Amino acid sequence: IEARFGLDPALTERLKGDNILYDKDDYGEYFQLYSTSFGEGFFFEIVQRSGYRGYGAANAIFRIAALKKALRPEGLPRV
């Protein structure tokens, strides 16, 4: 995301360290994070929009991959 959005490396390290997803459009920035899953997939999504008009669609593939990894059945090896 540093190259795509021209972000400062210190910011991208902070986002990475706190598992915060980022997006930007012509109107502003979007920060997005998810809680760990409870039960069979219930989770909280927390977002901050600063003028951003979208819904973080660019982050959806990463959210889905993380949820699938977290919901992996017990005993199945993690890769």
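**A conversation about the model**

Author: Let us begin with a helix end: Asp-8 caps the N-terminal end of helix H2, which covers residues 9-17. A side-chain oxygen of Asp-8 lies 2.7 Å from the backbone nitrogen of Ala-10. Please keep in mind that this is a predicted model.

Reader: Changing topic: how many salt bridges does the structure hold?
Author: The structure holds 1 salt bridge. Arg-4 forms it with Asp-23, and the closest N and O atoms are 3.9 Å apart.

Reader: Where in the chain are those two?
Author: They belong to distant parts of the chain, 19 residues apart. Arg-4 is in helix H1 (residues 2-5), whereas Asp-23 is in strand S1. As a general point, side chains of opposite charge can pair when their charged atoms come close.

Reader: Is Arg-4 buried or exposed?
Author: Arg-4 counts as exposed because its relative accessibility is 58%, and the cut-off for exposed is over 50%.

Reader: Then why does Asp-23 count as buried?
Author: Asp-23 counts as buried because its relative accessibility is 6%, and buried means under 20%.

Reader: Which side chain makes a polar contact with that of Asp-23?
Author: The side chain of Tyr-52 does, at 2.5 Å. Beyond four places in sequence, Asp-23 also touches several other residues, including Phe-5, Gly-28, Tyr-30 and Ala-58.

Reader: What about Gln-32, which strand is it in?
Author: Gln-32 is in strand S2, which spans residues 29-34. Gln-32 is buried because its relative accessible area is 2%, with the limit for buried being under 20%.

Reader: Which side chain does the side chain of Gln-32 make a polar contact with?
Author: The partner is the side chain of Asn-59, at 2.8 Å. Among the other contacts of Gln-32, leaving aside neighbours within four places in sequence, are Asn-19, Leu-21, Glu-45, Val-47 and Tyr-55.

Reader: Now the rings, please. How many aromatic pairs are there?
Author: The structure holds 5 aromatic pairs. In one of them, the rings of Tyr-22 and Phe-31 have their centres 5.3 Å apart. The planes of these two rings stand at 70°, so the pair is edge-to-face. Both Tyr-22 and Phe-31 are buried.

Reader: And how far apart are the ring centres of Tyr-34 and Phe-43?
Author: The distance is 5.5 Å centre to centre, with 65° between the planes, and this aromatic pair is edge-to-face. Phe-43 counts as partly exposed because its relative accessibility is 26%, a value that has to lie between 20% and 50%.

Reader: Which residues form an aromatic cluster?
Author: Phe-5, Tyr-22 and Phe-31 form one.

Reader: What else is Phe-31 in contact with?
Author: Leaving aside neighbours within four places in sequence, Phe-31 is in contact with residues including Leu-15, Ile-20, Ile-46 and Gln-48.

Reader: One last topic: which ring does the charged end of Arg-53 sit over?
Author: The charged end of Arg-53 sits over the ring of Tyr-27, 3.6 Å from the ring centre.

Methods: Residues are numbered from 1 along each chain as its sequence is written. This is a predicted model: local features need pLDDT of at least 70, side-chain atom pairs count only at pLDDT 80 or more; totals for chains, interfaces and linings use all residues. Side-chain values use heavy atoms; hydrogens and water are left out. Buried means under 20% relative accessible area, exposed over 50%, partly exposed in between (1.4 Å probe, protein chains only). A polar contact is a pair of N or O atoms within 3.5 Å; within protein, one must be able to donate a hydrogen and the other to accept it, and residues adjacent in sequence count only if both atoms are side-chain atoms. Contact means heavy atoms within 4.5 Å. Rings of Phe, Tyr and Trp (its six-membered ring) pair if their centres lie within 6.5 Å; planes under 30 degrees apart count as stacked, over 60 as edge-to-face and the rest as tilted. A charge sits over a ring if NZ of Lys or CZ of Arg is within 6 Å of the ring centre and within 35 degrees of the ring normal. A salt bridge is a side-chain nitrogen of Lys or Arg within 4 Å of a carboxyl oxygen of Asp or Glu. Helices (H or I, at least four residues) and strands (E, at least two) are DSSP runs, numbered from the N terminus.
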